[in-house]
Amino acid sequence: MATQVKKTQVSMKVNGQPVEGLVEPRTLLIHFIREDLGFTGPHIGCETTHCGACTIDMDGMSVKSCNVFAVQADGAEITTIEGLANADGTLSALQEGFREMHGLQCGFCTPGMITRAHRLLKENPNPTEDEIRFGIAGNLCRCTGYQNIVRAIQYAAAKINGTESKEAAE
Amino acid sequence: MIPGPFKYHRPGSLADAVKLLTELGDEARPLAGGHSLIPMMKLRFATPDHLVDLSGIGALKGIHSEGDRLVIGAMVTQHELLASSVIASSLPILHETALLIGDPQVRYRGTIGGNVANGDPGNDMPALMMTLGADYLLEGPDGKRSVAARDFYKGVYFTALGPGEILTAISVPVPPDGHGYAYDKLKRKVGDYATAAASVVLTMKDGQVATCAIGLTNLSETPLLAEDAAQAVIGTSLDEASLKKAADAAKAIMAPAADGRGPVEYRTHVGGIMVQRALRRAAAKAA
């Protein structure tokens, strides 16, 4: 039954930096990211692929990292909440939106929410309220009732689009 | 929530994957999107000694036309189905159904091949593939073969797949222009399996149903093709009496489990309603 398994070398890019590690094949990506790499932004909520607190961006997709093995992410490009601030360290439009619109209360779901919303706005820069609600349906929040999360994402979309149109005009 | 230990393999070709699965036998499981298998492993309901990850096999990706059929690679994700303009225009029921599977994160990883090959009666694509009359293309140690979706499902997690065999693609006959379609699914929440769901593909002529196929999800140990229900509406204008006849015929073959989604009577009742709703919506879309 139980097989003695050797550790496997994995390498990937996390928040722009190349990283390497030695993992058991059964090591979940969320554990590798939090415990081996020290990025504790992505949270372990339900551990059953329901809550979305562990959401990361992997090769341009929102992924629940509690349901992927680290070995499956070998060679991947990963972004966590730690990699989403602006290059100069200021808050991104989404982060600012969550602050301005009170898009969080306890804050546990927030890293996953913002990371998911980041990909949603990349794919659909000007979503309707329904599209936002459908797009964050894989992330649970037990505090806010979602109303202010939706507003926060709308705030970010407006800011990003405003900036873009200003740049285009210049 | 740590899975048991296993050895991880990522073959680069279909031939290598078949060879690995054949050699390793029952102790090995193929890994597609992993969104059914990995949760089961975390609960230790599944403890394979080997995982054969199919993600490195290019031949399992992509959607292409072959005459009047669309061939969809097993490793095409639900997200890729939703992004495909060919699917949206030629097989819109697939688009409609994919939207009802899981949540955005699950759809980025979950594959159509995993959905149909796993044999879970809660999965949505199998009943749809039976409705559409799709064929599954399999490749194993004895070569390639094709099995009709309608002959594929034998029981809970029990399918026509033989030892070492991999489902490589799904070949779907494109329904005629102007066909009506609908997939109606009642679920408790986003990401849940169906309490009951029904798929309908039909054509209308002079206000009457000319052809019709109906599939049922999560209403028995396998997905079901409701042939008598479909017969009950052919030649009718989908009047109330015919809709009721179809729902009754469909309910006669349902045998859902009593679980958190409700007792048998409730799930069967909902199944009948899903059949009627899907028939109405499909007819409204038919040209």
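Visitor: Welcome me in: how do you know how far to trust chain B?

Guide: This is a predicted model, in which local features need pLDDT of at least 70, side-chain atom pairs count only at pLDDT 80 or more, and totals for chains, interfaces and linings use all residues. Residues are numbered from 1 along each chain as its sequence is written, while chains are lettered from A and ligands numbered from 1 in the order in which they are written. Chain B has a mean pLDDT of 97, and 100% of its residues reach 70 or more; pLDDT is the predictor's confidence in each residue, from 0 to 100. The model also scores ipTM 0.94 and pTM 0.95.

Visitor: Why is α11(B) called oblique to α12(B)?

Guide: Their axes come within 9 Å and cross at roughly 135°. Angles under 35 degrees count as roughly parallel, over 145 as roughly antiparallel, 65 to 115 as roughly perpendicular and the rest as oblique. The crossing falls in that remainder, so α11(B) is oblique to α12(B). The axes are lines fitted to C-alpha atoms, for helices over the stretch in contact, and angles run from 0 to 180 degrees between N-to-C directions.

Visitor: Which residues make that contact?

Guide: Among them are L243(B) and A246(B) of α11(B), and V275(B) and L279(B) of α12(B). Two residues are in contact if their C-beta atoms, placed from the backbone, lie within 7 Å.

Visitor: What makes D259(B) partly exposed?

Guide: D259(B) sits in the loop between α11 (240–253) and α12 (264–285) of chain B, helices being DSSP runs of H or I with at least four residues, and strands runs of E with at least two. A residue is buried if 20 or more other C-beta atoms lie within 10 Å of its own, exposed if 12 or fewer, and partly exposed in between. D259(B) has 13, so it is partly exposed.

Visitor: And why does E47(A) count as partly exposed?

Guide: E47(A) has 18 C-beta neighbours inside 10 Å, so it too lies between those limits. Its place is the loop between α1 (29–36) and β3 (55–58) of chain A. Phi of E47(A) is near 60°, a positive value in a residue other than glycine.
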